[in-house]
Amino acid sequence: MHIENNIDGLELVYKRPETLTDTPFHYCPGCGHSVAHRVLMEVVEELGIQDKTIGIAPVGCSVFAYHYMDVDMQEAAHGRASAVATGVKRVRPDKYVFSYQGDGDLAAIGTAETIHTVNRGENILMVFINNGIYGMTGGQMAPTSLVGMKTSTSPYGRDAANVGYPLKITELIAQLPGAYYVTRQSVHTSGAVRKLKKAIKASFEYQKLNKGTCFIEVVSNCPSGWKMTPKETIDYIEQQMFPMYPLGDIKVPKQ
Amino acid sequence: MKEIKYKRSEPRLMKGNEALAEAAICAGMDAYFGYPITPQSEILEYFTEQIPKRQGIVLQAESEVASINMVYGAAGAGARVMTSSSSPGISLMQEGISYIASAQLPCLVVNVVRGGPGLGTIQPSQGDYFQAVKGGGHGDYKLIVLAPATVQEMADFVFDAFRLAEEYRNPAMILSDGALGQMMEKVELIEEGQLPKSEEKWTTVGKPKTRQRNIITSLFIQPEKMEQINIDLQAKYKVIEENEVRYELIQTKDADIILSAYGLSARICQKVVELAREKGIKVGLLRPITLFPFPKKAIAELANQAEFFLVVEMNAGQMVEDVALAVNGKVPVHFKGRMGGMIPTPEEILAEVEAILEKQNLVKV
């Protein structure tokens with residue numbers, strides 16, 4: 001699916017970054033994953049660090065990230081991406097290392113790894129896709145599912161008295177001295193995508209400084225899991241998700 | 001398995017765990033990730049004391065689960081890497097070990113076994129034999145398993161384990177126990193710089209324009225592909241079985257009775273051989289050194305001469321099943337074991353030999 005600039009007199013202004021493979025995304029229509037993949041790889045291309053970048057994709061919808069991202073990658077067990085990233089970064093400290101994890105992975109089964117990786121201030125970028133659901137396994141309740149949210153394992157809506165409240169793990173890890181830059185972004189509008197890209201770029205730049213972990217939460221959607229149209233998911237993000245997960249920087253490097 | 005002559009240092013008196021850790025540094029280990037648990041915490045302690053003054057990376061992880069996944073990441077990035085733990089901690093690592101075996105990454109996992117099941121005891125045991133040699137985690141896979149019986153072997157097998165792990169792209173395990181980890185003995189360490197490293201093409205170290213991206217994964221969603229991965233793994237294990245079997249024979253030439261034991265049990269059985277021969281009972285010992293690959297052929301051959309086998313283990317009877325498979329019904333295979341951190345004495349093993357002899361009415365005067 002190569003798009004060539006073969007029309008005389010016209011300038012090619014937008015194309016697939018060379019850091020993405022020539023593979024169509026398998027994600028469901030309207031899903032934020034492919035947008036997040038793309039901006040991440042745009043940054044890798046723009047910074048010219050493809051040959052120095054290693055990505056970690058754990059179990060979940062992101063497990064196939066290496067089908068699309070044209071960088072060296074390791075697939076990790078469920079929840080263990082940041083431990084695997086630690087192993088890579090410790091033996092290859094001159095490389096850029098990122099993990100790309102979902103909410104079930106990062107904030108449920110991998111909570112210990114998440115907290116301790118950031119607490120050690122590992123010099124990696126953790127990209128945290130929060131769509132409030134387990135997408136890959138068919139729409140089960142996630143640690144970040146909103147109270148009242150109907151999922152396949154909370155068919156009457158999330159009952160906080162029984163299963164607890166949505167976990168704001170990003171606010172939690174922002175408290176740790178090892179966290180260098182913590183921000184919450186989204187992919188629901190083109191403006192939001194531009195801001196996300198800026199945050200990713202800043203994070204890779206910070207990685208050079210060796211100052212600690214960069215952590216980007218991306219509030220995203222799951223049309224299939226939420227049983228909504230893509231448009232409805234955007235309304236849900238704005239009206240329901242943002243009050244619980246407000247956008248913006250949570251911890252910024254001291255000048 | 002090929003024997004390599006190494007240049008060695010002057011003899012030193014060292015604890016098993018410390019000798020193993022020192023050997024790892026001498027073997028050019030790039031990184032160690034671990035979590036404290038008795039009776040092997042000296043390994044982590046030794047590294048945290050020595051590595052900052054020498055070379056390499058040591059990191060105390062938040063759990064054994066994190067440790068083994070750090071090992072996965074570092075191995076995938078081309079490092080010579082290891083972890084160590086004791087039984088309950090090794091159980092926690094099983095998911096990660098299965099991933100490492102499937103993704104075909106070289107690494108060393110040391111299990112200084114303690115008595116179980118459950119939290120058990122910190123005393124020595126061989127209760128993790130099945131876990132070590134039959135895979136341990138989910139799916140069909142094998143570790144290369146080396147069983148030391150002395151502090152010297154605790155050190156030497158680190159070299160063998162790294163070498164074999166890297167040659168076959170397979171996790172290797174040193175299956176020790178709490179006694180070998182804690183005891184002090186004379187050891188002549190292999191000097192540094194004798195285990196060469198090679199740059200591997202498959203590692204994830206950043207993709208230059210000149211090659212395809214490297215992917216470390218154990219996910220092959222198409223069953224046809226996953227079956228092929230399994231076929232490839234089994235073919236590799238077959239090659240390992242053909243080339244890397246290692247065992248020791250002690251006075252088996254004229255033996256009527258074959259003891260079979262590994263690790264600490266084998267040391268005890270060596271004494272039994274002496275005591276029995278003083279009484280005129282011709283006992284020999286077969287000590288498997290590699291538990292996978294298992295010395296099936298050597299056992300099958302001894303089954304042609306022996307009246308019976310007695311397998312001695314510090315468990316409820318695990319390796320005895322593999323011995324019985326190799327003997328294949330030719331002669332009886334008996335078992336003597338102690339469990340839960342108890343160690344059998346030479347006298348009680350000899351008494352067992354004599355009891356079997358009496359039963360079989362085979363006493364030779």
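In this predicted model, five strands of chain B form an open sheet in the order E10-E12-E11-E14-E15, and their pairing is mixed. Strands of a sheet pair through backbone hydrogen bonds, either parallel or antiparallel. At the edges stand strand E10 (247–250) and strand E15 (333–337) of chain B; each has a single partner strand, so one side of each is left without a neighbour in the sheet. On average, neighbouring strands of this sheet are turned by 20 degrees against each other, direction ignored.

Strand E11 (residues 257–260) and strand E12 (residues 283–288) of chain B run parallel and are joined by four bridges. Within this pairing, Ser260(B) has Leu286(B) in E12(B) as its bridge partner.

Helices accompany the sheet as well. Helix H11 (residues 319–327) of chain B packs on the sheet, where it touches E11, strand E14 (308–313) and E15 of chain B, and its direction makes about 160 degrees with that of E14(B). Helix H12 (residues 346–360) of chain B lies across E11, E12, E14 and E15 of chain B and runs at about 155 degrees to E14(B).

The nonpolar residues can be considered next. In soluble globular proteins, nonpolar side chains tend to be buried together. Here, the largest nonpolar core holds 190 residues, of which Val127(A), Leu108(B) and Val145(B) touch the most other members. Helix H6 (residues 151–168) of chain B supplies the largest share of this core, with nine residues. Not counting residues up to four places away in sequence, Leu108(B) touches Met82(B), Val158(B), Ala161(B), Phe162(B), Ala165(B), Ala172(B) and Ile174(B).

Notes:
Residues are numbered from 1 along each chain as its sequence is written. Chains are lettered from A and ligands numbered from 1 in the order in which they are written. This is a predicted model: local features need pLDDT of at least 70, side-chain atom pairs count only at pLDDT 80 or more; totals for chains, interfaces and linings use all residues. A nonpolar core is a set of buried Ala, Val, Leu, Ile, Met, Phe, Trp, Tyr and Cys residues joined through C-beta atoms within 7 Å. A residue is buried if 20 or more other C-beta atoms lie within 10 Å of its own, exposed if 12 or fewer, and partly exposed in between; C-beta atoms are placed from the backbone. Helices (H or I, at least four residues) and strands (E, at least two) are DSSP runs, numbered from the N terminus. Two residues are in contact if their C-beta atoms, placed from the backbone, lie within 7 Å. Two strands pair if DSSP finds at least two bridges between them. Axes are lines fitted to C-alpha atoms, for helices over the stretch in contact, and angles run from 0 to 180 degrees between N-to-C directions.
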